[in-house]
Amino acid sequence: MSILLVGLNHKTAPVEVRERLAFTDETCATSLQALVDGEVIREGLIVSTCNRVEVLAATGRGQDAEANARVNSFLSDARRVPREVFSPHLYTHADDAAVRHVFRVASSLDSMVVGEPQVIGQVRHAYSVAVEAGTAGRVLHRLVHHALHVSKRVRTETGIAASAVSISYTAVELGRKIFGSLKGATVLLVGAGEMAELAARHLSNAGAARILVANRTHDKAEEVARKFGGAAVDYSNLTEHLGEADIVICSTAADAYVITPEMASAAREARRNRPAFIIDISVPRNVDPSVGKLDNLFVFDVDDLEAVVTSNIREREREAERAELIIESEVMQFQQALRQLDIGPTVGALREKLQAIADAEYERLRPRLGTLTPEQEQAVKALLHSTVKKISHPVIHRMRRSHDTGDEENLQAWREIFGLEKE
Amino acid sequence: MKPLLYAALAAYVIAAIHYVLAFVNKRRAVERVALLSVGCGFLMHTLAILADWIGDGHYPLFHLHETISFLAWTMVVAYGLALYRYRAQALGVFTLPLVALIVFASSFLRGASNMTPERVTDGSAAWLFPIHTTLLLFAYASFFVAFAASVMYLLQERELKLKTFSAFFHRLPSLSTVDDIGSTAASIGFTLLSLGIMTGILWSSARNGRMWHNDPIEIFAVMTWVLYLTMIHYRTQWRGRKAAWLGVAGFALVVCTFLGALLMGGYHMFG
């Protein structure tokens, strides 16, 4: 059994090519049934996301070249795209390289943002589509499950997904670093904007209990507060409300400082020195930078958050190197498991063994046959070989069937009868 | 019992190494090994102390090697409690290497022959002496936890203010957690220290009528007591960085108290 992967991704192909090759779920199922012919392509699966289109196929041993050609023409036929459009962008991996690629994709090492979690769901989904279409068999079943296992290992054993790589999520992460849990925290939104609301949404999902909204126009504050089930508060009383908030998100269009050190000190006193986290995502800045010099107040502006994101991405890339080591060892383990799945060597060994018996018997009794013409000699040999073949054919057929149904016990019985070593 | 102590030492060394590895590599499996070895080490250590107590016939807190071994034991107890309450695994990176070092030192030291435990078992209030020493060692262990929490606080506070994060930033518990650990440990330590000083005064006055000997250890102990009292009193005003620095300073005084007894001698000395 051999594994073949043909595809393209965001690194090799521009979006104009990717979108032309992309499959929807419905086209995916019917196309898969067209692709899998049971002879060359035994099993098939298509991973189609906005960043990649990949065809994963299980083929017979030694059929790689033929399978590759079939997958290529399949892509062109199924999506009605001329080959020249996509073939320069294609990559083709076989066996170890294909397994490694699948593991890397499922572990999110091949993603645009390394460590992003969506790709796991996408792989799982691609598999369930193939199962429903009836094109995923034993090999792909093992491969996908192994890939999901590897992905889980990589996530728990490396820090590949440990740190936030978006500004709004970085706010949550820093909040956790300061407060531990965000459960019960009070968030004050000063002004409103897309990014501020996104950060507030993340904080609320992380457990923040109260969202207060202050805005120069009170109606706008009420509108935003409704979205979060929060409360609109009086903008002119900002100092007082700062004292209530653990986390402040500032994003007004004001061109002067909205939060001054005096206000911040007063608020801190009201909070009995408990720490506060102030996020300033407005440009020009709304929070006087000297607020950040006060003890127990942690101020982050847009540039600070960007810098955190950049360093987190670098950290993920460092961790990805450790993930590659895990993947290498898992690829080896998978290949071992796959070899056990493979019936080919057993069938070959059986044929060879029976042939050898026939040849030995021929050699032993040859002198008794007297002089034969070369034609006669050939005929005797052919007779022996075809007898052996006819006898072994139903046996091999049965062995294959035991193998396909996963009946290891039966298969082992066949091996023992013929004295074959298990590979 | 030396073999038990060696076994405990081996377990602590394994735990210390695995804590450092887990801290650097962030592996759950490594953390489990560390935790398991601490458990084994603690069990062995407890048995070693009990065996000494039964074997030597005196409370195992008299000679220097006994005292520091007991100190290490109280540190493991304090670490275990903090771990149970706060799940702060990172504390192990600070605690276990030091515990291993102290047990190592303890296994090398022998009791001085010119001093016998009878020195402290005479008089009517002799029963107060082991209570005095035990309370103080537990107090020191609490102050050590407060110190470790303070260091973790200061490291993180600095990184948050400078907005540059080292690789270890993510391995440490949150600011609020370490602040809480620090203040709780300091309060517990302060209570134990007060009780320890009190029992010491009672023991000494019952023994020879003197409450105060102008001993370096007594002076340092009172300084420590005043410092932690101040820290607890101004807890809300000085929350955060200032409190963390006090935690560090307090522990420095604790170390001075210990070294004072060791190097300067006087009334308080270890056999």
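**A buried leucine, then the rest**

Analyst: L160(B) counts as buried, because it has 21 C-beta neighbours inside 10 Å. Keep in mind that this is a predicted model.

User: Which helix is L160(B) in?
Analyst: L160(B) sits in helix α6 of chain B, residues 128-162.

User: And how far apart in space are L160(B) and H65(B)?
Analyst: They are 42 Å apart, C-alpha to C-alpha, with a sequence separation of 95 residues.

User: How many helices and strands are there in chain B?
Analyst: Chain B has nine helices and zero strands. Read from the N terminus, the order of elements is α-α-α-α-α-α-α-α-α.

User: What share of chain B is buried?
Analyst: Buried residues account for 45% of its 271 residues. On contacts in chain B between residues at least 6 apart in sequence, 79% link residues at least 24 apart.

User: Back to α6(B). At what angle do α6(B) and α7(B) pack?
Analyst: About 160°, and the axes are 7 Å apart; α7(B) covers residues 175-208. The two helices are therefore roughly antiparallel to each other, since an angle over 145 degrees counts as such.

User: What is the hand of the crossing of α6(B) and α7(B)?
Analyst: Left-handed. Sorted by class, the contact between α6(B) and α7(B) holds 24 nonpolar, nine polar and two charged residues.

User: Now α1(B) and α4(B). How do their axes cross?
Analyst: Helix α1 (residues 2-25) and helix α4 (residues 91-108) of chain B have axes that come within 8 Å and cross at roughly 155°. That makes α1(B) and α4(B) roughly antiparallel to each other. The crossing of α1(B) past α4(B) is left-handed.

User: Which residues make that contact?
Analyst: On the α1(B) side they include L5(B), L9(B), Y12(B), A16(B), Y19(B) and F23(B). On the α4(B) side, V93(B), L96(B), P97(B), A100(B), V103(B) and F104(B) are among them.

User: What classes does the contact of α1(B) with α4(B) have?
Analyst: There are 18 nonpolar residues, two polar and one charged.

User: Switching to chain A. What is the strand order in the sheet with parallel pairing?
Analyst: Six strands make up that open sheet, in the order β7-β6-β5-β8-β9-β10 of chain A. The edges are β7 (231-233) and β10, each with a single partner strand, so one side of each has no neighbour in the sheet. Neighbouring strands are turned by 20° against each other on average, direction ignored.

User: Is β5(A) mostly covered or mostly open?
Analyst: Mostly covered: β5(A), residues 186-190, has four of its five residues buried. In the sheet, β5(A) pairs with β6(A) (residues 210-214) in the parallel sense, over five bridges.

User: Which residue in β6(A) is the bridge partner of T186(A)?
Analyst: R210(A).

User: How many bridges join β9(A) and β10(A)?
Analyst: Five, again in the parallel sense, with β9(A) running over residues 276-280. Across that pair, I279(A) stands opposite F300(A) of β10(A).

User: There is a sheet with antiparallel pairing too. In what order do its strands come?
Analyst: The order is β2-β3-β1-β4 in chain A, and this four-stranded sheet is open. Its edge strands are β2 (41-48) and β4 (91-94), each pairing on one side only. From one strand to the next the twist averages 15°.

User: How many bridges between β1(A) and β4(A)?
Analyst: Four, antiparallel; β1(A) spans residues 2-9. L5(A) of chain A stands opposite H93(A), which lies in β4(A).

User: Last topic, the contact of the two chains. How many residues does each chain give?
Analyst: Chain A gives 22 residues and chain B gives 16.

Conventions:
Residues are numbered from 1 along each chain as its sequence is written. Chains are lettered from A and ligands numbered from 1 in the order in which they are written. This is a predicted model: local features need pLDDT of at least 70, side-chain atom pairs count only at pLDDT 80 or more; totals for chains, interfaces and linings use all residues. Axes are lines fitted to C-alpha atoms, for helices over the stretch in contact, and angles run from 0 to 180 degrees between N-to-C directions. Angles under 35 degrees count as roughly parallel, over 145 as roughly antiparallel, 65 to 115 as roughly perpendicular and the rest as oblique. A crossing is left-handed if the near helix is turned anticlockwise from the far one by less than a right angle, and right-handed if clockwise. Two residues are in contact if their C-beta atoms, placed from the backbone, lie within 7 Å. Ala, Val, Leu, Ile, Met, Phe, Trp, Tyr, Cys and Pro count as nonpolar, Asp, Glu, Lys and Arg as charged, and the others, Gly among them, as polar. A residue is buried if 20 or more other C-beta atoms lie within 10 Å of its own, exposed if 12 or fewer, and partly exposed in between; C-beta atoms are placed from the backbone. Two strands pair if DSSP finds at least two bridges between them.
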